[in-house]
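Hi everyone, and thanks for coming. Let's look at a structure together and take a slow walk through it.

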Amino acid sequence: MMAKPALLAGVVLPLLLLGGVAHGAHSEVASVRAGQSKARADEAARTATAAASADATAAELAKYKAAYTQADDQAKALALERDQLKAQLARATTVATACEAKNERLVAFSKDLLRTYRRASFGEVVAAREPFVGLQRVRLENLAQERDDTLRAAHCDPRLDGASAKPPAAG
């Protein structure tokens, strides 16, 4: 029966080897499954972290968009105010220019009036007071009325001068 143990050894030995391989395969499958489970858990953690990071980034982006919109609105309001102030400055400059011209005319008028007063002779003064004919008096009243009209025309009133004066030419 010698042949039987060899046959038996030929069948049993490969079965034992297969059993060891099967046991090794089971532990290898379990190890792969554990690795897959760990990989899934790691992937879920990375996905949760990425989602949280995306939410935080979206919130920060919304904050910056709101700040940009607010800054843009402020810039528009400031530009409008600047334009209004430029228009007011142009009107004020126009009024000031008109008043300066009128002041120059008033100074010239005052100098002329003083010159006329200084040149008046004793005879002209007596003739102005002469009650019988009154010709000199009429001439002096007409001159006084002309001077009064000149003064009124040269009076600087910003409310009136600003409406009638033209803006200065840009240069």
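Let me start with a question: how are arginine 46 and glutamate 43 placed relative to each other in helix α1? They are three residues apart in that helix, which spans residues 3-119, so about one helical turn separates them.

Before I go on, a word on what is on the screen. This is a predicted model, where local features need pLDDT of at least 70, side-chain atom pairs count only at pLDDT 80 or more, and totals for chains, interfaces and linings use all residues. Residues are numbered from 1 along each chain as its sequence is written, and side-chain values use heavy atoms, leaving out hydrogens and water.

Now the overall layout. The protein has four helices and zero strands, and along the sequence the pattern reads α-α-α-α. Helices (H or I, at least four residues) and strands (E, at least two) are DSSP runs numbered from the N terminus. Of the 171 residues, 8% count as buried; buried is under 20% relative accessible area, exposed is over 50%, and partly exposed is in between, with a 1.4 Å probe and protein chains only. The accessible surface comes to about 14,200 Å², and 65% of that belongs to carbon and sulfur atoms. Those areas come from the Shrake-Rupley method with a 1.4 Å probe, and for residues only the protein chains shown count as cover.

Back to our opening pair. Arginine 46 and glutamate 43 form a salt bridge, with the closest N and O atoms 2.9 Å apart. A salt bridge here is a side-chain nitrogen of Lys or Arg within 4 Å of a carboxyl oxygen of Asp or Glu. Glutamate 43 is partly exposed, at a relative accessible area of 41%.

How many salt bridges are there by this rule? The count is five. One of them joins lysine 76 to aspartate 72, at 3.4 Å from N to O. These two also lie in helix α1, four residues apart, about one turn of the helix. Lysine 76 counts as exposed at 54% relative accessibility, while aspartate 72 is partly exposed at 28%.

Further along, aspartate 83 pairs with arginine 82 in a salt bridge, with 3.3 Å between the closest N and O atoms. Aspartate 83 is partly exposed at 40%, and arginine 82 is partly exposed at 46%. Then there is a network of salt bridges linking Asp112, Arg115 and Arg147.

What about rings? The charged end of lysine 63 sits over the ring of tyrosine 64, 5.3 Å from its centre. The rule asks for NZ of Lys or CZ of Arg within 6 Å of the ring centre and within 35 degrees of the ring normal.

Alanine 92 is partly exposed, at 44% relative accessibility. Alanine 92 and proline 158 are 66 residues apart in sequence, with their C-alpha atoms 8.5 Å apart in space.

Finally, confidence. The average pLDDT, the predictor's confidence in each residue from 0 to 100, is 78, and 71% of the residues score at least 70. Where pLDDT is low, the predicted coordinates should not be read in detail.
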